[in-house]
Amino acid sequence: MNNNNKLYPFERNRYYPGKMLTSADFQAEQNYHSNKIRFLNGLMYGSGVICGMGVFSLDDQSVLIESGAAIDGHGREIIIDSSTVKKLSAIEGFDRLTGDVVRLCVRFKEQEIHNVYSVNRSEDEKEYEFNRISEGYELFLMDKEIEDSDYAPETEFLTKETLFKSENYIGEILIPGTVSKGKNVKIVLLIRKISSEDVNLNCRGLLEMPAFETAGGEHEIEIEVENLNLIEGESFKKEYWVHVQDVPSVVTELILRSGTAFAFENDAAINTSSNFSLRVMMSKISPLELVSNETGKLNLEMRGIGLMDDSVPLADLKIVRTANNYLIDTITEDTVKKYILTPAQIPMRNHYLSYFEKEVELGKTGEVSQAPVVRNTSEKRTEFSNIATGTLEVPLGKNARAGDIRYSGEIPHGLGPGNIYVDIGYSYVSDDPDMAANQKCTFYGNPDLFSRKNEPMTDVETAVKVLNEKGSFVVAARLLRDVDYLTLNFRWVAIRFPSGEEMEMTEDYYDKSISVSTPTVIMGTKESHFFSVRFNNMKATGITYELTSPGSGEISSDGVYTAPANEGVYEIRIYCTEMPVICTYAYAIVRKKMIGESENGGNSVLNSGI
C-alpha cells in the first residue's frame, strides 16, 4: 500500500517504436492514472463518508456496519460492498483499548490475490506470483482520547489578540480579518488550558466596537466567564454575534476598554492585556465572496498538510467493562462521522432543505388568542405598493345575540411593520331598487344613511386594532341585534402612511439630540478609548468626530480616540454628519501613570461633564 501523500508531479509513460516495456513501466502507467484520481478526490471532496456506512448495535457485543463509500485523507476510495456484522472483540485494535469510549474507523487496505505460476522467471525470482491486487477496507478501533485532532489550516482569515495568559490558561479574542458591511459577524472568546493543574478561571472585560452593534444597538459587549475549569488540552468557546454597520470607513478596531479587564485563577489575579486592539478591515463584498476568496488562497502545501489521515471515523462506542467481558452501551455517529456532499446529492438536499429554509415569523399569544379562526382572503397587491386589500369572514357560531362581541383573530395586511391605516367595509346584499336591487354592496362608514325606511341596515358595529410592529390587525365586531346567520363578511383596505424620508420633508430637530455614553474619561498617555454615541428621539445616522484644538491626540472616523504623549484635558466635538446642528462634546483627561500603578488600575470614567 502506497502511503505517500505527495502524488505530484505526475509522470506518464512515453511510448516510442521499439521501446521495451517492463513491469516497472506498466506500474508507472497505473500510478499515473490512480494518483490523478486521488489528487482530484482530495482537492474536490476532501475526506469523509460519501454514503452509507451506518453503525448499529445488534446485541451487547456486536455491531452492524452498513455498505457504503468513503474517501480517505489520501484521496483513495474506500468501498464496503455489503453490510457486515462484527464482534467488537474481533475488530483490529480491540486488545489495545484502555478507555471506556472508543472510536470505530475504516481505512483503505490492499490485498494481493490470485496466485499464479510465474512464466519465464529467473532463478532468483519467485515461482508463484499474485496476479491481482484487491482494493478493500479494514475496520479498526482506537481510544477516543488519542485520536488526531481536527486540522485547521492557518490562514489570514481570522485575526486574534491575546486577552490574558498565564501558566495555566490562554484567552484570545478572534474575529474575521475582513468583515462585510451590513452583515452579521461572530466574535469568539477562545480559552485554552495549557497545564495539568486543577485551576478555576474567572475573567471579565468590556470590548468596545465602534463600527459594530449588538442586537440592542450597543457598541460594546461584556466578555465574562465564571468558574471555568478545564483539563489540559481542552478548549472553551463563547460566541458573540454583532452587526457590521454600513459606514464609509474601510478599517475599524475592537478595543478592550482600559481598566475593565481582569482574570483570576483560584482568586489569584493574572496578567491581562493592557494594550488590546484588533484591527479589522471592512468590505462591501458578501461573506460568501470573502470566504471563497480566502479558501481559494490555500496552496498545495497547506492543503497537503490536512490530507494526512488514512482513516475515516464512523462512530464512537461507549462500552461497559465487566470482570471478564464487555457490553456496548451507546453508539454515537452524529458528531463523529463527516459526510461529503457530492453533486449527485444536491437535488435531494435541496428538497429536504425546503422544509427548513423559509423563515416564518411565528405569532405570539395575544389578547384575542381564544377568538375563532377566520378565513382571510388577501387579494393580490396592486401597483400601489402602499395599499393592500382583502376580504375576511368572522364566524358567529349558533344563537348569536345582540351585544355579543366576536374577534377576527390576527390578520397580516402584507405592508410590513409601520404606521398603517386599516378601514373595514361591511358587505351587505341590498334590496333597494334605487340602489341596485339584489346586488352585493360594501358600506364604509354608517350604512343607515342610505336607508329610506328609517330602519337600520347594519347588523354590527366594528373597530380595528392595528398592530404596528407586527404588520397585522385585528377586527372586533359587536352585534346590534339578534341574527340567524353564521358569519359576518367584511372587506378591508390597508394604507401605509409615507415616512418622512419618502415625503422629503424638512427635518425637524426639535427634541432630537445625541449624547456620549461616557462623556468624560481619565486615561493614560498613548492609550485608546472609543466614544460611543447614543441617539435620543431620532434614528441612528452618520457621526463625525473632530478635535477642537491641535496637539490633542488623534481621533478616527469611527470614534477611537488615542491620547497624546502630553498630559492635559482635551475636547472632542461629536456631531451628526448630515445634521451638524445636532452635536455634543466629550472630554479626555490624560495623565501619565504613576510608578507602581498596576496595568489594570488605569482608566476611570466620569459620568458628569467637567
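This is a predicted model: local features need pLDDT of at least 70, side-chain atom pairs count only at pLDDT 80 or more; totals for chains, interfaces and linings use all residues.
Let me begin with a pair of side chains: Glu-92 and Arg-96 form a salt bridge in which the closest N and O atoms are 3.0 Å apart, where a salt bridge is a side-chain nitrogen of Lys or Arg within 4 Å of a carboxyl oxygen of Asp or Glu. Residues are numbered from 1 along each chain as its sequence is written, and side-chain values use heavy atoms, with hydrogens and water left out.

Back to the pair. Glu-92 is partly exposed, at a relative accessible area of 34%, whereas Arg-96, at 58%, counts as exposed; the classes are buried under 20% relative accessible area, exposed over 50% and partly exposed in between, with a 1.4 Å probe and protein chains only.

How many salt bridges does a search of the whole structure find? The search gives 18. One of them joins the side chains of Asp-25 and Lys-19, at 4.0 Å from N to O, and Asp-25 is buried, with a relative accessible area of 17%. Another is formed by Glu-461 and Arg-478, whose closest N and O atoms are 2.5 Å apart. That pair links distant parts of the chain, with Glu-461 in strand β28 (residues 460-467) and Arg-478 in strand β29 (residues 472-479), 17 residues apart; for the element names, helices (H or I, at least four residues) and strands (E, at least two) are DSSP runs, numbered from the N terminus. Both partners are partly exposed, Glu-461 at 35% and Arg-478 at 38%. There is also a network, in which salt bridges that share partners join Arg-103, Lys-144 and Asp-316.

Now to the sheet. Strands of a sheet pair through backbone hydrogen bonds, either parallel or antiparallel. Here four strands form an open sheet in the order β8-β7-β21-β22, with antiparallel pairing, and two strands count as paired if DSSP finds at least two bridges between them. The edge strands, each pairing on one side only, are β8 (128-143) and β22 (326-332). Strand β7 (residues 101-117) pairs with strand β21 (residues 311-321) over seven bridges, in the antiparallel sense, and Arg-107 stands opposite Ser-311 in β21. On to β21 and β22, which pair over six bridges, also antiparallel, and form a hairpin with four residues between them; within this pairing, Val-320 stands opposite Leu-327 in β22.

Finally, I turn to helix α1. A polar atom of the Asn-41 side chain lies 2.9 Å from the backbone oxygen of Gly-75. If we leave out residues up to four places away in sequence, Asn-41 touches Gly-46, Ile-71, Gly-75 and Glu-77, contact here meaning heavy atoms within 4.5 Å. Ile-37 also has its place in helix α1, but Ile-37 is partly exposed, with a relative accessible area of 45%. Between Ile-37 and Gly-75 there are 38 residues of separation in sequence and 7.6 Å in space, C-alpha to C-alpha.

Note on methods. A polar contact is a pair of N or O atoms within 3.5 Å; within protein, one must be able to donate a hydrogen and the other to accept it, and residues adjacent in sequence count only if both atoms are side-chain atoms.
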